[in-house]
Amino acid sequence: MTEENDMGAQKMPSPQDNPFYSGEINGRPYYSCCAYDRVERVRTFSMEQCDAAESLPSIQKTVLQAIKRRRKQLERGLR
(Lines give C-alpha, C1' and ligand atoms only; values in the text may rest on other atoms or scores of the structure.)
Protein backbone atom coordinates (compact mmCIF):
# COMPACT_ATOMS: atom_id res chain seq x y z
CA MET A 1 0.00 0.00 0.00
CA THR A 2 1.17 3.49 -0.74
CA GLU A 3 1.21 6.31 1.74
CA GLU A 4 -1.67 8.00 -0.13
CA ASN A 5 -3.87 4.93 0.22
CA ASP A 6 -3.01 4.64 3.92
CA MET A 7 -4.26 8.18 4.45
CA GLY A 8 -7.54 7.51 2.66
CA ALA A 9 -6.89 9.80 -0.32
CA GLN A 10 -9.16 9.23 -3.29
CA LYS A 11 -7.64 7.82 -6.44
CA MET A 12 -7.80 10.08 -9.48
CA PRO A 13 -10.26 8.85 -12.11
CA SER A 14 -8.65 7.12 -15.04
CA PRO A 15 -8.94 8.62 -18.54
CA GLN A 16 -11.57 5.97 -19.28
CA ASP A 17 -13.68 7.29 -16.39
CA ASN A 18 -13.23 10.99 -17.03
CA PRO A 19 -13.72 12.43 -20.53
CA PHE A 20 -11.96 15.63 -19.47
CA TYR A 21 -8.61 13.84 -19.23
CA SER A 22 -6.03 15.99 -21.04
CA GLY A 23 -2.78 14.07 -20.66
CA GLU A 24 0.04 13.92 -18.18
CA ILE A 25 2.28 16.55 -16.66
CA ASN A 26 5.36 15.31 -14.83
CA GLY A 27 3.92 11.80 -14.83
CA ARG A 28 0.63 12.82 -13.24
CA PRO A 29 -2.75 12.90 -15.00
CA TYR A 30 -4.12 16.29 -15.93
CA TYR A 31 -7.83 17.02 -16.37
CA SER A 32 -9.54 20.09 -17.81
CA CYS A 33 -11.15 21.90 -14.89
CA CYS A 34 -12.40 25.27 -16.06
CA ALA A 35 -15.83 25.55 -17.64
CA TYR A 36 -14.51 27.15 -20.84
CA ASP A 37 -12.16 24.24 -21.60
CA ARG A 38 -14.79 21.69 -20.71
CA VAL A 39 -17.46 23.26 -22.93
CA GLU A 40 -15.01 23.24 -25.83
CA ARG A 41 -14.31 19.54 -25.31
CA VAL A 42 -18.00 18.63 -25.01
CA ARG A 43 -18.51 19.75 -28.62
CA THR A 44 -16.79 16.56 -29.83
CA PHE A 45 -18.11 14.10 -27.24
CA SER A 46 -19.83 10.82 -28.04
CA MET A 47 -22.99 9.83 -26.17
CA GLU A 48 -20.89 7.63 -23.86
CA GLN A 49 -18.60 10.55 -23.03
CA CYS A 50 -21.65 12.70 -22.28
CA ASP A 51 -22.87 10.04 -19.84
CA ALA A 52 -19.47 9.90 -18.14
CA ALA A 53 -19.19 13.68 -17.90
CA GLU A 54 -22.65 14.06 -16.37
CA SER A 55 -21.77 11.57 -13.65
CA LEU A 56 -18.76 13.58 -12.45
CA PRO A 57 -19.16 15.37 -9.11
CA SER A 58 -19.35 19.15 -8.97
CA ILE A 59 -19.64 19.73 -12.71
CA GLN A 60 -20.38 23.33 -13.70
CA LYS A 61 -23.88 24.33 -14.83
CA THR A 62 -22.63 25.71 -18.13
CA VAL A 63 -20.92 22.39 -18.84
CA LEU A 64 -24.14 20.51 -18.08
CA GLN A 65 -25.98 22.78 -20.52
CA ALA A 66 -23.34 22.07 -23.17
CA ILE A 67 -23.74 18.34 -22.58
CA LYS A 68 -27.52 18.61 -23.06
CA ARG A 69 -26.98 20.50 -26.33
CA ARG A 70 -24.47 17.88 -27.48
CA ARG A 71 -26.91 15.06 -26.66
CA LYS A 72 -29.57 16.71 -28.82
CA GLN A 73 -27.10 17.03 -31.68
CA LEU A 74 -26.17 13.36 -31.41
CA GLU A 75 -29.82 12.29 -31.24
CA ARG A 76 -30.54 14.24 -34.43
CA GLY A 77 -27.59 12.55 -36.11
CA LEU A 78 -25.34 15.60 -36.24
CA ARG A 79 -21.64 15.30 -35.56
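Read along the sequence, the secondary structure elements of the protein chain are arranged in the order α-β-β-α-α-α. In this predicted model, the chain therefore comprises 4 helices and 2 strands under the assignment used, in which helices are DSSP runs of at least four residues and strands runs of at least two. The protein chain has 79 residues, 25% of which count as buried. Its accessible surface amounts to about 6100 Å², and carbon and sulfur atoms contribute 50% of this area. Of the contacts between residues at least 6 apart in sequence, 44% connect residues that are at least 24 apart.

Helix α4 spans residues 61–75. This helix contains 15 residues, and the distance from its first C-alpha to its last is 21 Å, close to the 21 Å expected at 1.5 Å a residue. The buried residues of α4 are V63, A66, I67, R70 and R71. Viewed down the axis of α4, these buried residues fall within an arc of 145°, so they line one face of the helix. Residues K61, K68, K72 and E75 are exposed on the other side of α4. The cover over the buried residues of α4 includes helices α2 (35–42) and α3 (47–54). Following α4 is G77, which has a positive phi, near 90°.

Leaving aside residues up to four places away in sequence, R71 touches M47, C50, D51 and E54. With E54, the side chain of R71 makes a polar contact to the side chain, at 2.8 Å. K61, also found in helix α4, has a relative accessibility of 70% and so counts as exposed, since the cut-off for exposure is over 50%. The C-alpha atom of K61 is separated by 8.6 Å from that of A35, and these two residues are 26 apart along the chain.

The structure holds 2 aromatic pairs. In one of them, F20 and F45 are tilted relative to each other, with a centre-to-centre distance of 5.5 Å and an angle of 50° between the planes. This pair links distant parts of the chain, as F20 lies in the loop between α1 (3–6) and β1 (21–25), whereas F45 lies in the loop between α2 and α3, 25 residues apart. F20 counts as buried because its relative accessibility is 0%. F45 is likewise buried, with a relative accessible area of 3%.

The other pair, formed by Y21 and Y31, is edge-to-face, with the centres 5.6 Å apart and 70° between the planes. Here too the pair links distant parts of the chain, with Y21 in strand β1 and Y31 in strand β2 (residues 28–31), 10 residues apart. The relative accessible area of Y21 is 22%, so this residue is partly exposed. Y31, in contrast, counts as buried, at 7% relative accessibility.

A positive phi was also computed for residues other than glycine. N26 has a positive phi of about 55° although it is not a glycine. This residue lies in the loop between β1 and β2, and is exposed because its relative accessible area is 78%. S58 is not a glycine either, and its phi is positive, at about 55°. The position of S58 is in the loop between α3 and α4. With a relative accessibility of 74%, S58 counts as exposed.

Technical notes. Residues are numbered from 1 along each chain as its sequence is written. This is a predicted model: local features need pLDDT of at least 70, side-chain atom pairs count only at pLDDT 80 or more; totals for chains, interfaces and linings use all residues. Side-chain values use heavy atoms; hydrogens and water are left out. Buried means under 20% relative accessible area, exposed over 50%, partly exposed in between (1.4 Å probe, protein chains only). Contact means heavy atoms within 4.5 Å. Accessible areas come from the Shrake-Rupley method with a 1.4 Å probe; for residues, only the protein chains shown count as cover. A polar contact is a pair of N or O atoms within 3.5 Å; within protein, one must be able to donate a hydrogen and the other to accept it, and residues adjacent in sequence count only if both atoms are side-chain atoms. The expected span of a helix is 1.5 Å times one less than its number of residues. The arc is that of the directions from the helix axis to the C-beta atoms. Rings of Phe, Tyr and Trp (its six-membered ring) pair if their centres lie within 6.5 Å; planes under 30 degrees apart count as stacked, over 60 as edge-to-face and the rest as tilted.
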